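Biologist: Can you walk me through how the inside of this protein is packed? I'd like to go step by step.

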Amino acid sequence: MHQTFTMLFVAFILYLQAYSLFVDHALADKLEDEVKIEVLHMPENCTRKSKKGDMLNAHYDGLLEKDGSKFYCSRTDNKGHPKWFVLGVGQVIKGLDIGMDGMCAGEKRRLTIPPSLAFGKEGKENVPPNATVIFEVELYTVTRGPRSIESFKEIDLDKDRSLSKHEVREYMKKEFEKGGNKRDASFYDVIVADVFHKSDHNGDGFITAKEYNVYDHDEL
């Protein structure tokens, strides 16, 4: 009887040890699949935080965690225009969709992203396979997504069902300065030029409701 009890007790201890190892591994895997978010700068005023479906305008630098080498810089790509993308719909890597959720216009973050949420086993161009990457991002504007009729109506000040460069500039200026950030005219020139480059498909200097609903994907 005593021997049977001892054997059962040993088996129970072994079970607990195996279960503990399983939990530890599960937690480790979970942590490896998380995005580490560091807030580098937070504006004093934040009237709107980014959420899935919002249109974001941001600059970001991509670096390899292993040696800090830079593999991407939006300030030198595409003539230095900040990137436009819709959050949470796969237009950027999963780690950016996760790490840029809940951001304010004017906020800066450093995001450490594991391979499973970055470029995976295959890698991409200057990113080797299974690489953890770091993105330093600066968010300029948070607006309703490109398919939002409410957003189009808000920008269309004269209600002529088309958007002029002046209307887009005024809207972007209003949205960005909600966070207490003042920029000179050249800053908005760059943003407006990028918007019209992507959306003014017939080149007439105006963005129609139909053109506004079509947005190209960025590379990352």
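Biologist: Which residues have the most contacts inside the largest nonpolar core?

Modeller: Keep in mind that this is a predicted model. Its largest nonpolar core has 26 residues. Inside that core, the ones with the most contacts are L96, M100, I113, V133 and F135.

Biologist: And which strand gives the most to this core?

Modeller: Let's go through the strands. β2 (55-64), β3 (70-73), β5 (108-113) and β6 (133-143) each supply at least two residues. With five residues, the one that gives the most is β6.

Biologist: Is Y60 buried or exposed?

Modeller: Buried means under 20% relative accessible area. Y60 has 0% relative accessibility, so Y60 counts as buried.

Biologist: How is the ring of Y60 arranged against the ring of F135?

Modeller: Their centres are 5.8 Å apart, and the planes make an angle of 85 degrees. Y60 sits in strand β2 and F135 in strand β6, so the pair ties together parts 75 residues apart in sequence. Planes over 60 degrees apart count as edge-to-face, so with 85 degrees this pair is edge-to-face.

Technical notes: Residues numbered from 1 in each chain as written. Predicted model: local features only at pLDDT ≥ 70, side-chain atom pairs only at ≥ 80, totals over all residues. Heavy atoms only, no water. Core = buried A, V, L, I, M, F, W, Y, C linked by side-chain atoms within 4.5 Å. Buried < 20%, exposed > 50% of the residue type's maximum accessible area, 1.4 Å probe, protein only. Helix = DSSP H or I, 4+ residues; strand = E, 2+ residues; numbered from the N terminus. Phe/Tyr/Trp six-rings, centres within 6.5 Å; stacked < 30°, edge-to-face > 60°.
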